[in-house]
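These are my notebook entries on the contact between two chains, followed by a few checks inside one of them.

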Amino acid sequence: MMASFDVVVVGAGPGGIAAATVAAEAGRSVCLLDSNATPGGQIWRGFRRETARNLPHGGEFLDWTARLERTGCAVWAGWEAIDRPAPGVLRLERNGEGCDIGFGRLVLATGARERFLPFPGWTLPGVMGAGGLQALVKGGLDPAGKRVVVAGSGPLLLAVAAAMASADAHVEGIYEQAPLGRLAGFGLTLLGQPGKLVEGALYRLRTLRAAYRTGSWVVRAEGQGRVERVTMTDGRRQWTLDCDWLACGFHLTPNLELPRLLGCRIAGGYADVDPLQQSSVPGVACVGELTGIGGMEKALLEGQIAGLAAVGREAQGRALTPKRKRWNRFAQRLDRAFALRPALRALATPETVVCRCEDVTHAALESRASWREARLHTRCGMGPCQGRVCGCAAEFLFGWENAAERPPVYPASVSTLAAGASADELASR
Amino acid sequence: MTITVNGKPVWVAEGTTVAAALIMSDEPSRISVHGEARAPFCGMGICMECCATVNGVAHRRTCQLVCEPDMNVVTG
């Protein structure tokens, strides 16, 4: 017998937790799914009740997780949504086993991932995403004594550097590709969101021993079998830094696989939603980073709006929209401030691997006309990550759009794909 | 607690992800199509570089998986 809920929420970061909480508080049956072992998403990854109070955003974590627990909402951890085999049904997988779940309303809160750009040496062990290194450290990796270079783009770089410094790593420098002028303009706009200014200042305080350089970026990483040094540039001169780890990510990009699979309209790189977070597909809402990279505050507001809408409390949801609009503008300003400079397109040499799963080089791709042609002829994007890494890179490098999505959106075992009720059986229920 | 990575014992604190344990072990998480050693990269279940066989189940995303006592991890 398939489990079925009034509301199913995919993604247990702030947006998903807020949506599930307010829907469950209204007395509906709600299930909150996440592929991680515990709820929290990226921002609250690894947070525990005993220690969260002193961590950035720990107060919100404590408040929301306590509120969620009081509702009795079902929390399914470790489950990945891979397909929608029939209307109102999601197929899930955990540990190689599949299961179907029915829903009346669906809230997608699948968050964002880092945007990665290829440069020589980016596949060496010890080169990680910036958020990637932070996630691994939250997952128990000890950075004490490690020499870490933080590079790429986005407000995340400062947060990562601060976390590494707090854990006794040696931060060798923080390198932001965006030019100082653009960042200063962005900083001025934050006067309307003083909390963000304070947050940035606190992160910077913890990393004062490390240089924070704008308008500079990584050229290559080198080493015998693992990264040992990185070469940086400001566009005029180059210099080299020794390091144990390079943490490099170029701002964030939304995880649109599930919205695309369900047919949600995408506009300007984000899920297109109405003021109540409803996508173009009836009964399917999108919240948080899916609708614009704006962080925890925006996700919490949008999650509440979607949760209220899912239980018919539209008026209460609408009451939150003016506040949410401020965070929408914040998200747009972030995208503008941390837009990628064209010079980053020239980092990959002909031999540089662009598709890490299949080892497809830049040289093999540059003569192709489209993402589809590249896939068919080179296997770019055909490996287990399904283009999550190289797809964004190819979009930036070659201007290819990757709009189509086919199930399963994550690799799944054959038994999961074949099992579960058949579509006909589901339709007759 | 202790887990085993490619036969090597690795001590980890409770709550450590298998991907973090892989980095501590210095074992590559996989060998790429052209023979390069790879290690965990995105840390959040996206890139699949950290996939390994855990307690006999192949292709586990180790960054999404928390260590359990005597877990057996095989990479490559």
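**Polar contacts across the interface.** I counted the polar contacts first: 15 residue pairs link chain A and chain B in this way, with both partners at pLDDT 80 or more. I note here that the model is a predicted one.

I then looked up which elements supply the chain A side. Those that give two or more residues to the side touching chain B are β7 (112-114), β8 (127-128) and α3 (130-138) of chain A. Of these, α3(A) gives the most, with 4 residues. Sorted by class, the chain A side that touches chain B holds 17 nonpolar, 11 polar and 9 charged residues.

**Extent of the interface.** The size of an interface is often given as the accessible area lost when the parts come together, so I looked up that value next. Chain A and chain B bury about 2700 Å² between them, and 58% of this lies on carbon and sulfur atoms. On the chain A side, the residues that lose the most area to chain B are A:Leu136, A:Arg356 and A:Asp359, which together account for 20% of what that side buries. I recorded 37 residues from chain A and 32 residues from chain B in the contact.

**Salt bridges.** Side chains of opposite charge can pair when their charged atoms come close. I found 3 salt bridges across the interface of chain A and chain B. I looked up the pair of A:Asp359 and B:Arg38, which forms a salt bridge with its closest N and O atoms 2.6 Å apart. Over all chains, the count comes to 23 salt bridges.

**Surface patch.** Which residues make the nonpolar surface patch of about 390 Å²? I listed A:Val198, A:Leu202, A:Leu205 and A:Leu208. I placed A:Val198 in helix α6 (residues 194-205) of chain A.

**Backbone checks.** Most residues other than glycine have a negative phi, and most peptide bonds are trans. The peptide bond from A:Pro407 to A:Pro408 is cis, with omega near -10°. A:Pro408 sits in the loop between α13 (390-398) and α14 (414-418) of chain A. A:Arg379, a residue other than glycine, has a positive phi, near 70°. I located A:Arg379 in the loop between α12 (371-378) and α13 of chain A.

Terms used. Residues are numbered from 1 along each chain as its sequence is written. Chains are lettered from A and ligands numbered from 1 in the order in which they are written. Side-chain values use heavy atoms; hydrogens and water are left out. Contact means heavy atoms within 4.5 Å. Buried area is the accessible area (1.4 Å probe) that two parts lose on being put together, summed over both. A salt bridge is a side-chain nitrogen of Lys or Arg within 4 Å of a carboxyl oxygen of Asp or Glu. A polar contact is a pair of N or O atoms within 3.5 Å; within protein, one must be able to donate a hydrogen and the other to accept it, and residues adjacent in sequence count only if both atoms are side-chain atoms. Ala, Val, Leu, Ile, Met, Phe, Trp, Tyr, Cys and Pro count as nonpolar, Asp, Glu, Lys and Arg as charged, and the others, Gly among them, as polar. Patches are made of residues with over 30% relative accessible area and no salt bridge: like charges are joined within 9 Å, nonpolar side chains (Val, Leu, Ile, Met, Phe, Trp, Tyr) within 5 Å. Accessible areas come from the Shrake-Rupley method with a 1.4 Å probe; for residues, only the protein chains shown count as cover.
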